[in-house]
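Biologist: I am new to this structure, so please take me through it one step at a time.

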Amino acid sequence: MTRHESTPLVAGVDAGGSKTIAWIDHPRPSRPQSDDRTTGLVRPLAEGIGGTGNPRVGGYEAAANEIEYAVRQALSTPNVTTESATTRLTRVCVGAAGAGRREEQKHLAAILSKRFPGTAIIVTDDAVPVLAAASPTATGMILISGTGSFAWARNSSGADARAGGWGVVIGDPGSGYALAIAGLDAVARAVDGRGPETTLLTSFCDRFAVKDPMRLIDHVYAPSMTRRELAKQSRLVIAAAETGDSVAREIVESAAEELARHVRTLARRLNLSAGITLALSGGVLVNEPLLREQLLERIDCLQLQTRLVDAPVAGALVLANRPDLIEILQNRLVSATSM
């Protein structure tokens with residue numbers, strides 16, 4: 001048996017709405033942070049991928065199934081596999097979408113602790129790992145814009161606050177979903193004559209392969225259409241803005257202002273000073289430079305240190321490696337162990 005075949009293992013898990021990613025590594029509590037603007041620094045020993053780990057999507061047992069699957073898949077890769085791989089797993093940290101409240105985290109942690117007896121299970125929401133990935137002291141702010149939008153900040157005194165994240169009915173301003181819906185609204189206004197002409201009309205008709213714009217209704221309201229799938233259409237709006245469509249540009253500028261408002265609000269409420277970390281995450285902020293640049297222009301006066309977090313699972317792995325951070329963030333996470 002080699003030294004690595006007997007070394008303990010830890011796991012970080014990003015349990016998202018569409019998929020679950022698990023990273024396995026050896027404990028490395030002193031792993032340095034990168035000076036890079038992204039968090040691509042953390043390269044795990046192995047990776048496993050499962051389906052949705054958001055308990056609000058398919059329930060807690062289904063979410064636990066996907067999380068367990070992803071972790072065991074990673075444990076079974078050639079880089080890790082030995083007969084004792086599971087028993088060497090000492091700690092699993094799960095950042096789960098849809099588990100923002102303490103009772104939700106307790107429920108999921110209790111189920112997972114039975115799936116991994118003897119392993120310390122840490123469950124938190126999907127915001128804490130993003131900050132852990134970007135800030136070695138877990139101090140600063142995170143701003144997520146993907147399907148939804150959300151901001152959370154924690155200052156050096158340990159006080160924290162959130163803004164946004166109220167969900168699709170109440171509103172996720174600046175999110176991919178909000179961008180797509182605004183684009184469809186602009187199309188409807190253009191077709192009716194209630195609004196200006198826009199290339200978004202052609203973009204959306206081409207996307208859904210319809211000639212009559214009224215046929216868009218069939219696709220948008222189809223039972224198979226999901227919020228996430230609609231949010232993906234934000235790419236059409238941003239692409240139109242990139243080519244100079246004035247209607248699309250106005251939508252993107254409005255989204256950037258909404259996101260900037262999240263940041264300014266939390267900076268004011270928590271008295272955050274210049275130089276503090278701002279971690280940007282979520283598919284829209286990570287993959288759409290036009291929106292990101294417009295956002296950064298609007299908050300430039302705050303002089304925040306911006307970092308892109310394109311893999312929140314890296315932060316979950318950092319937490320699994322850092323008992324000191326777990327202690328600092330104990331009011332934001334839940335621990336469980338069963339024998």
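Modeller: A residue is called buried under 20% relative accessible area, exposed over 50%, and partly exposed in between, with a 1.4 Å probe and protein chains only. This is a predicted model, where local features need pLDDT of at least 70, side-chain atom pairs count only at pLDDT 80 or more, and totals for chains, interfaces and linings use all residues. Residues are numbered from 1 along each chain as its sequence is written, and side-chain values use heavy atoms, leaving out hydrogens and water.

Biologist: Which residues of helix α8 are buried?

Modeller: Helices are DSSP runs of H or I with at least four residues, numbered from the N terminus, while strands are runs of E with at least two. Helix α8 spans residues 200-207, and its buried residues are L200, F204 and C205. They lie on the same side of α8, because they cover an arc of only 130 degrees around the axis, taken from the directions from the helix axis to the C-beta atoms. To name them again, they are L200, F204 and C205.

Biologist: Against which helices do the buried residues of α8 pack?

Modeller: Contact here means heavy atoms within 4.5 Å. On that basis, the partners of these buried residues are α7 (176-192), α9 (216-220), α11 (234-242) and α12 (246-269).

Biologist: Which residue stands opposite L278 in β10?

Modeller: Strand β9 (residues 277-281) runs parallel to β10 and is joined to it by five bridges, where pairing requires that DSSP finds at least two bridges between two strands. Four of the five residues of β10 (residues 305-309) are buried, so this strand is largely enclosed by the rest of the structure. Within β10, the residue opposite L278 is T306.
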